[in-house]
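Here's a quick briefing on aromatic rings and nonpolar packing. Have the model open as you read.

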Amino acid sequence: RALTAFEYALVGWRPVEDQELRDFAAANAPPTQVVVPGLGLFSYDPRAQWYEAVLEDPPCKFAVTPLDRVNPTESFERAKQVITGFLPLFPAILEGVARSQYANWAKNWADESLSWAEWTARLKLESITWFAENPVDDYTVWLGDGGLFSGHSIEVWVKDGAVKSANLAG
């Protein structure tokens, strides 16, 4: 069949097989969305191979990213497992970050007076990343600093369901 001008532009003006076009279209498909009862909405972007999660409780939106290339079905199942395990731990993760970084903030960054509760309320979940070969309770949480550290992200390594380290990044 003849290629459209758009198809020619996409493939660099060279003849291609129909399967090649189908593969290209699949790789550039828009994100697909799946509602997971009790968790929320997951969108998978095949171009970037990452998910966006919009949770019901606590209400939040963040990226969920496998750091190694696995097939989307395995990756999605792992994303659900990681988030299901993560949600009950989130308050303890925030507490661990506060224990690790509150004194640093008060000594070196503070330009206002905030209670411990006000300080932790500023932290916002941005993303969760993991490697497929790691256990499901071994991942990295990225938190937005809410302006506490001049826009730096806070990288939190969680292993065996506990905060192992929390560091400023960026």
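Tyr102, Trp105, Trp109, Trp116, Trp119 and Phe149 come together as one aromatic cluster. Bear in mind that this is a predicted model. Searching the whole structure turns up eight aromatic pairs.

**Aromatic pairs around Trp105**

- Take Tyr102 and Trp105: their ring centres sit 5.6 Å apart with the planes at 40°, so this pair counts as tilted.
- Tyr102 and Trp105 are three residues apart in helix 3 (residues 72-108), which puts about one helical turn between them.
- With Trp105 in helix 3 and Trp119 in helix 4 (residues 116-122), the pair ties together parts that are 14 residues apart in sequence.
- Both Trp105 and Trp119 are buried.

**The largest nonpolar core**

- This core has 36 residues, and Ile83, Ile128, Val141 and Leu143 are the ones touching the most other members.
- Elements giving two or more residues to the core include strand 2 (40-45), strand 3 (50-55), strand 4 (60-66) and helix 3, along with strand 5 (124-130), strand 6 (139-144) and strand 7 (153-159).
- Helix 3 is the top contributor to this core, giving 12 residues.
- Setting aside neighbours within four places in sequence, Leu143 has contacts that include Phe90, Leu94, Val97, Leu123, Leu125, Ile154 and Val156, and also Lys124, Glu126 and Ser153.

Note on methods. Residues are numbered from 1 along each chain as its sequence is written. This is a predicted model: local features need pLDDT of at least 70, side-chain atom pairs count only at pLDDT 80 or more; totals for chains, interfaces and linings use all residues. Side-chain values use heavy atoms; hydrogens and water are left out. Rings of Phe, Tyr and Trp (its six-membered ring) pair if their centres lie within 6.5 Å; planes under 30 degrees apart count as stacked, over 60 as edge-to-face and the rest as tilted. Helices (H or I, at least four residues) and strands (E, at least two) are DSSP runs, numbered from the N terminus. Buried means under 20% relative accessible area, exposed over 50%, partly exposed in between (1.4 Å probe, protein chains only). A nonpolar core is a set of buried Ala, Val, Leu, Ile, Met, Phe, Trp, Tyr and Cys residues joined through side-chain atoms within 4.5 Å. Contact means heavy atoms within 4.5 Å.
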